[in-house]
Amino acid sequence: MKSSEKNKNGHSIFSNIFFFIRIMFGISPVLVIGECLSGIFSTLPTRLIAVLGVKYVADTMENGGDRRRIIYGIIIIAAVLLLTELLTWFFREFIWNVEREKLIKGLNTKFFKKARQLDLEAYDDPHFYNSFILAVESSAGQIQWILNMVERYIGELVSLATISTVLLTVDPMCLVIIIASVVIFTPIGRKIGTLQSERRIENNKYHRRADYFARIFYLQDYAKEVRMNNIRPLLIERYNDAADDVIDNQKKYVSKIDFYYFIQEGGLQIVSFMFLLPLYLGYCVLVSKTLSAGDFVAAFNGATMIASSFSFLTIFVARTFSEQAKMIEKYREFLARENKILDGPHTAQAEQTEEIEFRNVSFTYPGNDEPTLKNINMTLKPGEKIAFVGYNGAGKTTLTNLLLRLYDVTEGEILIGGRDIREETIASHRARFVAVFQDFQLFAATLGENVSLDTQIDYNRAAESLRRCGFTKELRQGMDTPLLREFDDTGVMLSGGEAQKVAVSRAFYRKCPYVIMDEPSANLDPIAEYNLNKAMSETAEGKTVIFISHRLSTTRSADRIYVMENGEIVESGSHDELIKKDGRYAYMFNLQAEKYRKG
């Protein structure tokens with residue numbers, strides 16, 4: 001196999017394999033070294049015994065030697081096997097399991113850190129996202145496979161070198177026959193590996209679709225919709241279609257793989273072991289009489305073992321390494337992903353509120369032709385309460401995503417305190433903000449941890465933050481009450497309104513000069529909404545607060561309201577000013593007010 005064979009990204013098969021081994025060695029050198037030694041101990045002694053040990057016994061018997069020498073030889077062989085078995089057992093029982101878990105932990109931590117640093121744009125790229133999911137979900141299996149391969153590869157490599165040296169002293173021609181036979185079939189192994197890799201990648205795509213429809217039937221989020229509507233036949237149909245795609249894909253590849261595998265394995269066995277090698281050894285024993293009984297056994301056993309090692313190191317490696325190397329390429333692609341949103345040279349100060357200015361800001365999402373935001377210009381004064389309103393898709397949330405540098409502007413600039421936010425480090429810039437998103441999430445953690453979103457919890461501040469949001473649910477364990485039932489059967493499941501109050505409490509808990517609230521009262525009743533607005537006005541004194549809301553009753557107390565439509569600001573002013581204008585805002589407000597009056 002040519003180690004210089006490269007994939008589309010320019011990495012050779014061995015480059016990818018050793019890349020992953022280097023990562024593993026950096027996390028757990030004990031495990032990698034132990035696997036290498038284990039491979040040698042489990043392979044080399046038995047093969048040396050099968051060649052030299054049997055030769056020694058055969059030659060001793062043929063020459064009429066003392067039988068005690070044979071017994072002593074057998075005892076030594078048994079002692080060697082016992083010692084290597086004990087060493088391997090000790091490694092497996094007392095080292096391997098612990099170090100493997102450390103390795104999985106270290107590798108996943110590496111992935112999670114990288115995932116946290118990724119631009120949000122990466123999740124918009126289907127190809128990259130598919131690679132990301134494949135890398136994370138297969139990490140444990142990949143580790144196990146690489147460890148097994150390291151063990152066997154080193155064992156076979158050392159065995160090949162040792163037995164080849166022995167065989168060269170007995171009969172070099174056997175070695176030539178085996179190597180020639182194996183090399184002939186190596187390209188077929190590479191072809192099999194390529195097909196297996198392609199099959200796995202395509203299967204992963206179809207499995208993701210099937211898994212999505214399967215999850216719907218057991219996730220609580222979908223439980224009511226599935227039971228109250230006739231969507232179940234459609235979901236089952238879509239699941240069956242995706243599962244059938246997996247089956248069809250298997251059929252597409254399995255016949256090709258089996259065909260090449262049959263040619264490779266059958267051809268090697270027939271050409272090498274059933275014809276060429278027996279023919280040559282028979283000639284040496286019966287015709288030329290160049291081999292003794294011990295030499296015959298050593299040559300045949302040695303040739304068989306060399307063939308096995310060579311077959312593994314070339315044909316099997318070509319087949320399986322090329323498949324796994326393509327999977328590892330997904331890891332490399334994931335870990336090498338370069339962010340477009342980069343740190344600036346300055347560290348932002350999070351103590352005081354400063355002026356925010358949007359200057360000629362436009363933005364187009366990756367892959368889209370039309371801009372989502374078009375030439376936005378506005379200035380937010382320190383301590384102002386600002387509201388963005390408009391229909392869905394107007395660009396309100398995108399505007400705050402740009403302010404948080406979850407994306408960077410396509411054109412223009414955003415300044416805080418007169419400095420472009422791209423000049424700040426990402427962490428220091430985002431530390432100035434607390435954001436409660438429309439699609440907020442609760443985590444399988446305690447109530448206090450869900451409020452603080454930190455490893456350190458100020459219990460008094462967390463309790464006060466919940467009180468200000470109107471969270472009054474009595475919980476037996478207080479702040480230490482586990483939420484959700486992912487890992488704890490006693491976990492508390494909150495209603496939609498209660499969950500939103502927990503999410504909003506994060507804005508009260510964090511001490512930041514800027515607060516972003518995306519639909520903060522969507523699941524709240526009118527009284528809870530009123531109390532939330534009152535608490536926010538009291539607590540957010542001196543802070544710049546940005547509201548995004550479709551319920552215009554939330555925006556009435558805002559110092560300034562920006563009405564957005566098709567990515568542009570079409571109106572701005574206070575509630576009273578916009579009502580007097582009798583424009584878009586007045587129309588939307590009166591439309592909502594009319595619904596309440598009719599109700």
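How do the residues of the lining of the largest pocket divide into nonpolar, polar and charged? The answer is 25 nonpolar, 8 polar and 12 charged. Here Ala, Val, Leu, Ile, Met, Phe, Trp, Tyr, Cys and Pro count as nonpolar, Asp, Glu, Lys and Arg as charged, and the others, Gly among them, as polar.

Some ground rules. This is a predicted model: local features need pLDDT of at least 70, side-chain atom pairs count only at pLDDT 80 or more, and totals for chains, interfaces and linings use all residues. Residues are numbered from 1 along each chain as its sequence is written, and side-chain values use heavy atoms, with hydrogens and water left out.

Back to the pocket. Its volume is about 1,900 Å³. A pocket is an open set of points on a 1 Å grid over the protein atoms alone, with protein on both sides within 12 Å along at least five of seven lines; a cavity is a set where a 1.4 Å probe fits but cannot get out; lining residues have an atom within 4 Å of a point. Points are joined across faces, edges and corners, and a volume is the space filled by probe spheres set on them.

In total, 45 residues line the largest pocket. Arg 116, Leu 406, Arg 430, Phe 437 and Leu 453 lie nearest its centre. Elements giving two or more residues to this lining include H10, helix H11 (426-430) and helix H14 (496-509). Helix H3 gives the most, with 5 residues. Helices (H or I, at least four residues) and strands (E, at least two) are DSSP runs, numbered from the N terminus.

Now the sheets. Two strands pair if DSSP finds at least two bridges between them. E1 (residues 356-363) and E4 (residues 411-416) pair over 5 bridges. One link there joins Ser 362 to Glu 411 in E4.

Axes are lines fitted to C-alpha atoms, for helices over the stretch in contact, and angles run from 0 to 180 degrees between N-to-C directions.

Why is H10 largely enclosed by the rest of the structure? Because 7 of its 8 residues are buried. Buried means under 20% relative accessible area, exposed over 50%, partly exposed in between (1.4 Å probe, protein chains only). Lys 396 and Leu 403 are among the buried residues. Just after H10, Arg 405 takes a positive phi of about 60°.

Next, the other sheet. It is open, with 6 strands in the order E6-E7-E8-E3-E9-E10 and mixed pairing. E6 and E10 are the edge strands, each pairing on one side only. H10 packs here too, touching E3, E6, E7, E8 and E9, at about 145° to E8. H14 lies across E6 and E7, at about 170° to E6.

E9 and E10 form a hairpin with 2 residues between them. In the turn, Asn 566 has a positive phi of about 50°. The two strands run antiparallel, joined by 5 bridges. Val 563 has Glu 571 as bridge partner, and Tyr 562 has Ser 572.

Last, the cavities. There are 2 of 30 Å³ or more.

Terms used: Contact means heavy atoms within 4.5 Å.
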